[in-house]
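User: Hi! I'm new to reading protein structures. Could you walk me through some features of this one?

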Amino acid sequence: TVIKEAIMSKIHHLTSPFSEEVIRSLHAGDIIYFDGPLFGIRDLTQIHIFDHNNPPPVSLEGMPCIHTAPSLRKVGDKWEKICVATTSTRMERFTPGLIGQYGVRAVIGKGGLYQDSLEAMKKYGAVYLAIVGGAAALETEQIEEVEQVYFEELHPEALYRFRVKNFGPLTVAMDSHGVHLYERVSEKIREKLPDIYARLGVS
């Protein structure tokens, strides 16, 4: 089944911002590359937005957002990126709001998200794009420029607007049709565990 799904998956070259139609054409397992704006967000950014009631000072409608590591630095009047990707799961509680309230179409990071985020993706048309293991450094190089920094007082957890070129490969790990690749893998593991335990003589 996994091999069959891999054969059926497609490679997409997109430009951000994304329309709902484009996002709903994507399916779990597809590979994505894209050009255009990309917003970097992190824990404190979203606490500032949602818990402290500070709406983003720029539209996120149709945009991809990446969960960033706190690793940008300002040199003179320019911003330099160092490494931008981080784990997503601890930011689960903010994602339905990003999608439903602010129109974010793609969330990018490591490790996936949970059911509430998946439901928001189904309802509004959004996806979770997983950074390919070991490729975070490569994808950092695909950021051509840090175009703007919002909520600069929160740095290194500000809201960053990047411009990217051929950003990827990214895997559609959660799609707008309710498919969650991380859950599928977990299910397959659970199915195989009894047989593995039996072979090992573990009861």
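User: Let's start with strand β7: how many of its residues are buried?

Analyst: This is a predicted model, and in it five of the five residues of β7 (residues 127-131) are buried.

User: Which way do the side chains of β7 point?

Analyst: Here is the general idea: side chains in a regular strand alternate between the two faces of the sheet. In β7, Val 127, Leu 129 and Ile 131 point one way, while Tyr 128 and Ala 130 point the other way.

User: Which strands are joined to β7?

Analyst: Strand β6 (residues 106-109) runs parallel to β7, with four bridges between them; Val 107 is opposite Tyr 128. From β6 the chain passes through helix α5 (residues 115-124) to reach β7, in a right-handed β-α-β crossover. Strand β9 (residues 159-174) runs antiparallel to β7, again with four bridges, and there Tyr 128 is opposite Met 174.

User: Now the aromatic rings, please. How is a pair of them described?

Analyst: We use the distance of the centres and the angle of the planes. The count here is five aromatic pairs. In one of them, Phe 18 and Phe 34 have ring centres 5.5 Å apart and planes at 85°, so the pair is edge-to-face. This pair links distant parts of the chain, 16 residues apart, and both residues are buried.

User: What about Tyr 160 and Phe 162?

Analyst: Their ring centres are 6.2 Å apart and their planes at 10°, so this pair is stacked. Tyr 160 counts as buried because its relative accessibility is 0%, and Phe 162 is buried with a relative accessible area of 0%.

How values were computed: Residues are numbered from 1 along each chain as its sequence is written. This is a predicted model: local features need pLDDT of at least 70, side-chain atom pairs count only at pLDDT 80 or more; totals for chains, interfaces and linings use all residues. Side-chain values use heavy atoms; hydrogens and water are left out. Buried means under 20% relative accessible area, exposed over 50%, partly exposed in between (1.4 Å probe, protein chains only). Helices (H or I, at least four residues) and strands (E, at least two) are DSSP runs, numbered from the N terminus. Two strands pair if DSSP finds at least two bridges between them. A crossover is right-handed if, with the strands pointing away from the viewer, the path from the first strand over the helix to the second runs clockwise. Rings of Phe, Tyr and Trp (its six-membered ring) pair if their centres lie within 6.5 Å; planes under 30 degrees apart count as stacked, over 60 as edge-to-face and the rest as tilted.
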